[in-house]
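I opened this model to look up helix packing, the ligand shell and a few backbone angles. My entries follow in the order in which I made them.

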Amino acid sequence: MNLLIIGAPGSGKGTISNNLIKDYDITHVSTGDMLRQAIAQNSPVGLRAAEYMNQGQLVPDSIIHDIIVERLSMDDIKKGFLFDGYPRTVDQAIDLSSILEQLHMKIDAVLELEIDDEILKKRITGRRLCPTCGEIYNIYSKPTKVEDICDKCGGKLITRKDDSLENLTVRLDEYHRNTQPVIEYYEKMDLVKKIDADKSADAVYDDIKSVLEGLK
Ligand code: AMP
């Protein structure tokens, strides 16, 4: 089974992807992870990508094309894949169609996690982390008994830097601007499965499993 997962920052994409690759034994292909790895290794691709990523911009399509072609040639792709964070633009989606055609592969479904921006803002800006034991809270949906103090270990909670409203607004704008047309591209191919992501993590995952059962 070959899948794409598309969802705004904070929509639960990470957790769902981890569950899917485990339960369906498919390979997780995250361009963001691959680029971060290239940067950590100081490879030529990493050095070029870092210039864009550091400014919160999308990495040029030619770089993404090369890393995807290389990734799709690997053996673990044969058992099926889950693309995460790719394609980010319509040009990338068109390019992916032609790459897959050449490899005689196809996408079975595009999972679109739907959730209102205002809910995402609460989810993300309300998030608090205990730096001592790693427990995650949310001032709206999972508050601590004593404000800003970890229930488990008594540590003083912090807010992660990239969970600021300012940062999230930029990422949401980028998401809507670039990704909405990608969804429309796949809608024309009748591949999009809309998933209501404003539910508990378990309920969202149950919905996804029923969609995937329907594909078999
Ligand atoms: P992510 O972890 O998917 O949020 O990606 C982190 C950053 O990597 C993005 O902000 C982009 O700069 C870059 N990136 C990841 N995937 C892509 C892609 N498909 N096209 C262009 N840039 C990407």
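**Helix H4.** I listed the buried residues of H4 and got Ile63, Ile64, Ile67, Ile68, Arg71 and Leu72; buried means under 20% relative accessible area, exposed over 50%, and partly exposed in between (1.4 Å probe, protein chains only). Viewed down the axis of H4, these buried residues fall within an arc of 155°, so they line one face of the helix. The arc is taken over the directions from the helix axis to the C-beta atoms. An α-helix has 3.6 residues a turn, so residues three or four places apart point the same way. I then looked up the cover over the buried residues of H4, which includes strand E2 (27–30), helix H2 (31–40), helix H3 (44–53), strand E3 (81–84) and helix H5 (90–102); contact here means heavy atoms within 4.5 Å. H4 itself runs over residues 61–72, has 12 residues and reaches 16 Å from its first C-alpha to its last, close to the 16 Å expected at 1.5 Å a residue. That expected span is 1.5 Å times one less than the number of residues.

**Conventions.** I note that the model is predicted, that local features need pLDDT of at least 70, that side-chain atom pairs count only at pLDDT 80 or more, and that totals for chains, interfaces and linings use all residues. Residues are numbered from 1 along each chain as its sequence is written, and side-chain values use heavy atoms, with hydrogens and water left out. Helices (H or I, at least four residues) and strands (E, at least two) are DSSP runs, numbered from the N terminus.

**Helix H1.** In H1 (residues 13–23) I found Lys13, Ile16, Ser17 and Leu20 buried. Down the axis of H1 the buried residues fall within an arc of 100°, so they line one face of the helix. They pack against strand E1 (2–7), E2, E3, strand E4 (109–114) and helix H8 (201–215). Just after H1, aspartate 25 takes a positive phi of about 50°.

**Ligand.** I counted the shell: 13 residues surround the ligand, and the closest are Thr31, Arg36, Gln57, Gly85 and Gln92; a residue is near the ligand if one of its heavy atoms lies within 4 Å of it. H2 gives the most to this shell, with four residues. For polar contacts I used pairs of N or O atoms within 3.5 Å; within protein, one must be able to donate a hydrogen and the other to accept it, and residues adjacent in sequence count only if both atoms are side-chain atoms. A backbone N or O atom of glutamine 57 lies 2.7 Å from a ligand oxygen atom. A side-chain N or O atom of arginine 36 is 3.0 Å from an oxygen atom of the ligand, and for arginine 88 the corresponding value is 3.1 Å. The protein covers 81% of the 480 Å² of accessible area that the ligand has on its own.

**Glutamate 135.** I located glutamate 135 in the loop between strand E5 (127–129) and strand E6 (136–138). It counts as buried at 19% relative accessibility. Its side chain makes a polar contact of 3.0 Å with that of lysine 142 and one of 3.1 Å with that of lysine 152.

**Backbone.** The peptide bond from tyrosine 86 to proline 87 is cis, with omega near -10°. Proline 87 sits in the loop between E3 and H5. Asparagine 42, in the loop between H2 and H3, has a positive phi of about 55° although it is not a glycine.

Methods. Accessible areas come from the Shrake-Rupley method with a 1.4 Å probe; for residues, only the protein chains shown count as cover.
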